[in-house]
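Here is a short note for a colleague who is new to this model. Please read the points with the structure open.

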Amino acid sequence: MADEHNVVRGISWNEVFGFSHIFKSFKMAWQPGKIILALLAIGLTCALGLVMDPIWSCASDSAVVKQNEVWGYWTAQNRRIFLENKQNWLEETRTEELAKMLRGLPDVEDADKSANEDFKGGLKKVKKDLKETYEKSLSGADKKCEEKKKEIYNLPGKAERSKKENDAEI
């Protein structure tokens, strides 16, 4: 037995380096049909995400992550405590933001008190003011547009040019 010599005639490198099978998958994935199918799947996923984002964000307040919310979740003892803290925080920030908007309105004396006592009423006031501002801006822009159109149509020499063009056609 000791006198027998074993001769290595070949090495199966795929068995020695098993990870080399991954390189076969690159060759298989380089087929155009599979690449196009993968790109279509990525595009479909992005399109569905764009469609679903507004739906989910309208459905609940938890769809939008506020500043330091992740840290609050990490440091909370449990989920129930975190949700209570988040609800309190949202109520405080909502009234603060509404109070900031109400301070810009001329007919509101105490914006903080108005935001805390009548949140929906304050929100209606802000919406009404924004709508009025938008309509004023829109009508002003329409007036400016009409004035510019009149200026363009009444340019000197335009009548002479159109008369020459009409004479040339005849």
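What percentage of the 170 residues in the chain do buried residues make up?

1. Buried residues account for 11% of the 170 residues. Buried means under 20% relative accessible area, exposed over 50%, and partly exposed in between (1.4 Å probe, protein chains only).

2. This is a predicted model, where local features need pLDDT of at least 70, side-chain atom pairs count only at pLDDT 80 or more, and totals for chains, interfaces and linings use all residues. Residues are numbered from 1 along each chain as its sequence is written, and side-chain values use heavy atoms, with hydrogens and water left out.

3. The chain has eight helices and zero strands. Helices (H or I, at least four residues) and strands (E, at least two) are DSSP runs, numbered from the N terminus.

4. Glutamate 69 lies in helix H4, residues 69-75. Glutamate 69 is buried, because its relative accessible area is 13%. Its side chain makes a polar contact of 2.9 Å with the side chain of lysine 86. A polar contact is a pair of N or O atoms within 3.5 Å; within protein, one must be able to donate a hydrogen and the other to accept it, and residues adjacent in sequence count only if both atoms are side-chain atoms.

5. Threonine 45 belongs to helix H3, residues 32-59. Its relative accessible area is 55%, so threonine 45 is exposed. The threonine 45 side chain reaches the backbone oxygen of alanine 41 at 2.8 Å.

6. Aspartate 110 sits in the loop between helix H5 (79-103) and helix H6 (111-117). Aspartate 110 counts as partly exposed, because its relative accessibility is 41%.
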